[in-house]
Amino acid sequence: MSAGRRASGRVLDIGASRTDDLPSYAHLCHLALVGAGELSEADLPLQAEKVDAAPEDLPFPDRAFDVVVCRFALTRAEHPALAAQEIARVLRRTGQLLFLDTAPTTRLGVDALMHLRHGGLITHDVDWSWPRSTPPLVQGVATHPAPQYVREIAWLRGAT
């Protein structure tokens, strides 16, 4: 996943479990880590904060982050649809969600993509891979819809 190359500004990282998961984050102005696993405060970059929270209940204001990096949080969340809504809420209108998740072999990651869609995000550059020793993976980028399409998307979903 190209999180290190694409992440800039204020970044929320959900699911980083090792220092190796934090590539090239030294140039960020702020990094918040949720679900940071075994990472200790001493291992974190200077501008990072470790936050004890669930993806379904993020303690940040609306539109607080330029980029959200999400590793395996949707399939592991207790309520994946709520986690997707919370991610969409804290992501700026022009921000990007960079996601990587497991894809159940029967659904090929459709569940994770549908949760993002119901959360109000549109997926781009989605790619599936089948590593030998792990379940299939789905990764990609999700954004809020462009303002000129919000009304059309609501119409397609049946909302008025």
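Is Gln 47 buried or exposed, and at what relative accessibility? Gln 47 counts as buried, at 19% relative accessibility; buried means under 20% relative accessible area, exposed over 50%, and partly exposed in between, with a 1.4 Å probe and protein chains only. This is a predicted model, in which local features need pLDDT of at least 70, side-chain atom pairs count only at pLDDT 80 or more, and totals for chains, interfaces and linings use all residues. Residues are numbered from 1 along each chain as its sequence is written, and side-chain values use heavy atoms, with hydrogens and water left out.

**The sheet**

- An open sheet is formed by 7 strands, in the order 3-2-1-4-5-7-6, with mixed pairing. Strands (E, at least two residues) and helices (H or I, at least four) are DSSP runs, numbered from the N terminus. Two strands pair if DSSP finds at least two bridges between them.
- Strand 3 (48-51) and strand 6 (122-129) stand at the edges. Each has a single partner strand, so one side of each lacks a neighbour in the sheet.
- From one strand to the next, the twist averages 15°.
- Strand 5 and strand 7 pair over 6 bridges, in the antiparallel sense. Phe 99 has Gly 140 in strand 7 as its bridge partner.
- Helix 3 lies across strand 1, strand 4 and strand 5, and runs at about 145° to strand 5. Axes are lines fitted to C-alpha atoms, for helices over the stretch in contact, and angles run from 0 to 180 degrees between N-to-C directions.

**The nonpolar cores**

- The largest nonpolar core has 28 residues. Leu 12, Phe 60, Val 68 and Leu 97 touch the most other members. Such a core is a set of buried Ala, Val, Leu, Ile, Met, Phe, Trp, Tyr and Cys residues joined through side-chain atoms within 4.5 Å.
- Elements that each supply at least two residues of this core include strand 1 (10-14), strand 4 (65-71), helix 3 (80-90) and strand 5 (91-102). Helix 3 gives the most, with 5 residues.
- Contact means heavy atoms within 4.5 Å.

**Buried residues to look up**

- Thr 143 is in strand 7. Thr 143 is buried, with a relative accessible area of 15%. A polar contact of 2.8 Å joins its side chain to that of His 124. A polar contact is a pair of N or O atoms within 3.5 Å; within protein, one must be able to donate a hydrogen and the other to accept it, and residues adjacent in sequence count only if both atoms are side-chain atoms.
- Gln 47 lies in the loop between strand 2 and strand 3. Its C-alpha atom is separated by 8.6 Å from that of Ala 32, 15 residues apart along the chain.
- Leu 58 lies in the loop between strand 3 and strand 4. Leu 58 counts as buried, at 4% relative accessibility. Leaving aside neighbours within four places in sequence, its contacts include Leu 12, Val 34 and Ile 87.

**Positive phi**

- Most residues other than glycine have a negative phi.
- Arg 63 is not a glycine, yet has a positive phi of about 55°. Arg 63 is in the loop between strand 3 and strand 4, and counts as partly exposed at 31% relative accessibility.
- Phe 72 also has a positive phi, of about 60°, although not a glycine. Phe 72 sits in the loop between strand 4 and helix 2.
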